[in-house]
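This briefing concerns side-chain packing in one protein chain. Please consult the sequence and structure shown here before reading the notes.

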Amino acid sequence: MSKNVRAIAARCLYAVIDQGRSLSEELPKQQLLIESGKDKGLLQELCYGVLRYLPELEQHVRRFVKKPLTGKQRVFHFLMMVGIYQIKFTRIPDHAAVAETVAATAILKNRHLKGMVNAVLRSYQRDPELANLEQLADPVRYNHPGWFINKIKAGYPDNWQHILEQNLQRPPMWLRVNQQKSTVENYLSLLTEQEIVVKQVAPVSQAILLEQATDVTKLPHFEDGWVSVQDGAAQMAAPLLDAQAGDNVLDCCAAPGGKTCHILELAPNIKAMTAIDVEESRLIRVNENLTRLGLNAKVIAGDAANPEQWFDGELFDRILLDAPCSGTGVIRKNPDIKWLRRATDIDALVILQKQILNAIWALLKPGGTMVYATCSILPEENCRQITNFIAETPDAVLESLVIAEQSNDWQILPGDNSMDGFYYAKLSKKC
Ligand SMILES: C[S@@+](CC[C@H](N)C(=O)[O-])C[C@H]1O[C@@H](n2cnc3c(N)ncnc32)[C@H](O)[C@@H]1O
């Protein structure tokens, strides 16, 4: 396989959009084909960028290609979008973007489409604007699927456009300082020594927002477990759970373990931490994170909706339920979600969340606390799910979220204080 980054990007996009593979699985495989770190970064930029602006880029291709490409030739459809993306959204000089993209046709073994790719990119350069922007269909105008735009309009009638715009932004990089190894102040000085610029420090957690994303290998003492990469919103889970010395704690949808580890960093004297996930392969990451950070947990492959398979009979004082969800709060990080998720997936997820909530509630001690979290911004997975649960569960009480100064639950929207979209509700069980 060649090292032409544009050709690799086109293949990767074909795998995601036409074959339904997730970008987080596909991209690392494709990056293995590339040696230079700079080119790996470019591949990532091209794939993320095209997925962010897919409808708009497709509209441009449609303007210049009268007969849509089908079958194996579809990879050239993605290649043309890779070309237009570079011209419109990157600082790569236009002549280099065109030349490299056209050169990719030879690598992709279809030289007779070379002329077509060249002609489309040159036509785009001559005429880069879509006409009648106001009259474009919503998916093209806002670069999201229609079903999703409709849901966001219904859920957030006053700020739906802002949410859609935020989803197109690049995610910033947040760090979480491991309180067991360092303090935020100490770690800030280590970052300064490395000339890594900090943009913001969160007031209520160990969260540091960097001015620019950086390779983890450049972060001081990363391998020694002094720091982890975790979004600022995700870092709210552990302080909200507020585990205390002696508590028996459950994280029932734990992989890859970011929140499990944060809970243990904040509360090293808990009695025990049990980390469950249904996907055994994802537990490898949980164990790697625990080892790197110097922490311990009972890590078990199990289905949170069927605890009888793994529950040992000792009730929990605190439970984190970071539920499987649509991921619609983290589209900045995973733009493929927009194209891989279907409207019908949401109903199935709401049912699964409800099953897990009911099953796990039975494992909470009277007087105990559960934090329900999702990285979704859809009300049916969040406030509506919790309102229904409270209505149907006589011993459940919705607590106020003191650290967040929220009276009830907390819907964080993408971009709020530079964070991902997240939802939190804290429930306690009547004695
Ligand atoms: C949002 S992710 C959890 C992220 C994790 N809490 C963290 O902070 O690193 C949701 C997880 O739920 C897991 N999951 C989905 N269905 C499950 C089930 N029925 N039982 C247990 N885990 C489940 C998925 O495999 C996925 O790892």
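The model is predicted. Its largest nonpolar core comprises 51 residues, and the structure holds 10 aromatic pairs.

**Nonpolar cores**
- Within the largest core, Ile152, Ile263 and Tyr424 have the most contacts.
- At least three residues of this core come from each of domain 2 (174–229) and domain 3 (234–429).
- A second, separate core has 47 residues, including Leu51, Leu54, Leu57 and Phe78.
- Beyond its neighbours within four places in sequence, Ile152 contacts Pro157, Trp160, Ile163, Leu164, Ile377 and Leu378.

**Aromatic pairs**
- Trp147 and Phe148 are edge-to-face, because their ring planes stand at 80° with the centres 5.8 Å apart.
- Trp147 is partly exposed at 21% relative accessibility, whereas Phe148 is buried at 2%.
- Tyr372 and Tyr423 also form an edge-to-face pair, at 6.2 Å between centres and 70° between planes.
- Tyr372 belongs to strand β9 (residues 364–374) and Tyr423 to strand β12 (residues 422–429), so this pair ties together parts 51 residues apart in sequence.
- Both Tyr372 and Tyr423 are buried.
- One aromatic cluster consists of Tyr53, Tyr85 and Phe89.

**Charges over rings**
- Lys153 lies over the face of Trp160, 4.8 Å from the ring centre.
- Arg292 lies over the face of Phe222, 4.0 Å from the ring centre.

**A buried loop residue**
- Asp247 sits in the loop between α12 (237–241) and β5 (248–251).
- Asp247 counts as buried because its relative accessibility is 10%, under the 20% limit.
- Excluding residues up to four places away in sequence, Asp247 touches Ile270, Lys271, Ala272, Asp317 and Arg318.

Key:
Residues are numbered from 1 along each chain as its sequence is written. Side-chain values use heavy atoms; hydrogens and water are left out. A nonpolar core is a set of buried Ala, Val, Leu, Ile, Met, Phe, Trp, Tyr and Cys residues joined through side-chain atoms within 4.5 Å. Buried means under 20% relative accessible area, exposed over 50%, partly exposed in between (1.4 Å probe, protein chains only). Domain bounds come from an automatic or database domain assignment. Contact means heavy atoms within 4.5 Å. Helices (H or I, at least four residues) and strands (E, at least two) are DSSP runs, numbered from the N terminus. Rings of Phe, Tyr and Trp (its six-membered ring) pair if their centres lie within 6.5 Å; planes under 30 degrees apart count as stacked, over 60 as edge-to-face and the rest as tilted. A charge sits over a ring if NZ of Lys or CZ of Arg is within 6 Å of the ring centre and within 35 degrees of the ring normal.
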